[in-house]
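Q: I would like to learn how to read the strands, the domains and the ligand site here. Could you take me through them?

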Amino acid sequence: MAEDKKQKKVRKIPGIRGMNDILPEESHIWSFMEGTVESVLVSYGYQQIRTPIVEDTSLFARGLGEVTDIVEKEMYSFEDSMNGDKLTLRPECTAGVVRAAVEHNLTYNGPRRLWYTGPMFRHERPQRGRYRQFHQIGCEALGFPGPDIDAEMILMCRRMWRELGLTGVRLEINSIGDAEERNRHRADLIAYFEKHKALLDEDATRRLYTNPLRILDTKNPEMQDMVNAAPKLLDYLGEASLAHFDGVRAVLDRNGVAYQVNPRLVRGMDYYNRTVFEWISDDLGAQGTICGGGRYDPLFEMFGGRSTPSCGFAMGVERIIELLKARGDVEPASIADVYIAHRGEAAGVVAAEIAESLRDASLDVVLYCQAANSGGSLKSQMKRADESGALYTVIIGDEEVESGKATVKAMRQGAIDGEQTQVVFNELADYVLEQVVQAEALDGVCDF
Ligand code: ATP
Ligand code: MG
């Protein structure tokens, strides 16, 4: 009794704010999303790359830019207590991929189409669609200078939304030119903002001379009119940048991709140039951007590599999952084809052997094992069998052990042979496999 009371006082240690557990109840939606996106990536010839979650802090400071939101205030940076190294949990993956590409000379034999998936970390205020650990799937096409690859990426995104069944996702594109064009625009932009200094909020005032382009990105409603009338970067583009932008648009137009040119679209990181794009859903409230990307020709050289013009994008997995959840039609797959219930000591041992033989026949099998807080009556086992979604339950009791025949019970419509039948142990795998294959053929699905 005293022990019991003591137990109850143990403090539960909660998870970290803004970092979510993805529970089995929703993990099937994640699997559907990841599987669908991966199969589209593969169909465009992309190969997966996996880089570490931790990188040298200077990689992000140099790559993303010192005066970006991420580097200024969102990074989880710490000192390695063993050796004093300055490290950062990756806030995004492009810097890591390009670091790895330079380090391993990945584009030595020509361009590469790469993709990645995994958690990213940003110390932001947690809210709907904005978390401190979140997930991105993204891709990077390294060593491609032309507008063709930018357009191909956008077509690939469209195919992903289609395959996922997402509707109501719109595309905005822009060109932010090259460094020289941005510099000329920047000078005029600063002069314009100086004329309207009284209207600038605190963030904008701070950025006026460091990153004025980002002021265009403001969400402050009181600044919208002023910002709308600011000099447009598109008007400063030279011939080459314009031709590149036209090249992207020609492919999009020819393929019937609807888009809006948004002259105020700039992206958060310093490494972008020329094409930038965002896919936006209006069903997600304030955090509507589900995918953002663009070209980053200068980044390889910023990391000490050879000039390697490239582009990429990243999608926010949580935001897409929210859209899929709201649609509510991604069904969980059944856990098992067969559930094995048993009663009695000898039966338990035989049941484990039978379960193995069914798995050898590539069936998904859940074997009843002793459960905490439940008696293990045949009735409760049948309830578990039902919940598992299995088409058949194999029942092994003393009688079955004696006769060498298992009882096979059909659990659901779609099971072929009647309600209940007896099958000798060594024919069981073949029997059940045939039944399951037939049932799935009738159902029009087969997950083998
Ligand atoms: P935002 O303007 O919403 O802060 P961002 O420009 O910082 O976005 P990117 O760095 O371009 O975002 O990341 C690509 C995608 O990753 C975003 O479009 C979004 O879908 C997702 N994403 C970014 N930050 C978060 C976050 N904190 N939580 C969940 N998803 C995020
Ligand atoms: Mg952000």
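A: Gladly, and we can start with strands: they are DSSP runs (E, at least two residues), numbered from the N terminus, and two strands pair if DSSP finds at least two bridges between them. This is a predicted model, in which local features need pLDDT of at least 70, side-chain atom pairs count only at pLDDT 80 or more, and totals for chains, interfaces and linings use all residues. Residues are numbered from 1 along each chain as its sequence is written, chains are lettered from A and ligands numbered from 1 in the order in which they are written, and side-chain values use heavy atoms, leaving out hydrogens and water.

Q: In which sense do β15 and β16 pair, and over how many bridges?

A: Strands of a sheet pair through backbone hydrogen bonds, either parallel or antiparallel. Here β15 (residues 405-410) and β16 pair in the antiparallel sense, over 5 bridges. Thr-407 faces Gln-422 of β16.

Q: What is the order of the 5 strands in the open sheet?

A: The order is β13-β12-β14-β15-β16, and the pairing is mixed. At the edges are β13 (365-367) and β16 (420-424), each pairing on one side only.

Q: Which strands form the open sheet of 3?

A: Its order is β2-β4-β3, with antiparallel pairing. The edge strands are β2 (54-56) and β3 (76-79). Between β2 and β4 (residues 86-89) there are 3 bridges, and Glu-55 stands opposite Thr-88 in β4.

Q: How is the protein divided into domains?

A: Domain bounds come from an automatic or database domain assignment. Domain 1 covers 24-177 + 237-327, and domain 2 covers 338-438. Their centres, taken over C-alpha atoms, are 47 Å apart.

Q: Which residues come nearest to ligand 1?

A: A residue is near a molecule if one of its heavy atoms lies within 4 Å of it. There are 15 residues around ligand 1, and Arg-122, Glu-124, Arg-130, Arg-267 and Thr-289 come nearest.

Q: Which atoms of Arg-130, Tyr-131 and Thr-289 lie close to N or O atoms of ligand 1?

A: A polar contact is a pair of N or O atoms within 3.5 Å. A polar side-chain atom of Arg-130 is 2.9 Å from a ligand 1 oxygen. Tyr-131 places a backbone N or O atom 2.9 Å from a nitrogen atom of ligand 1, while a backbone N or O atom of Thr-289 is 2.8 Å from an oxygen atom of the ligand.

Q: Which element gives the largest share of the shell around ligand 1?

A: That is β10, with 3 residues.

Terms used:
Polar contact = N/O pair within 3.5 Å; in protein donor to acceptor, adjacent residues only side chain to side chain. Helix = DSSP H or I, 4+ residues; strand = E, 2+ residues; numbered from the N terminus.
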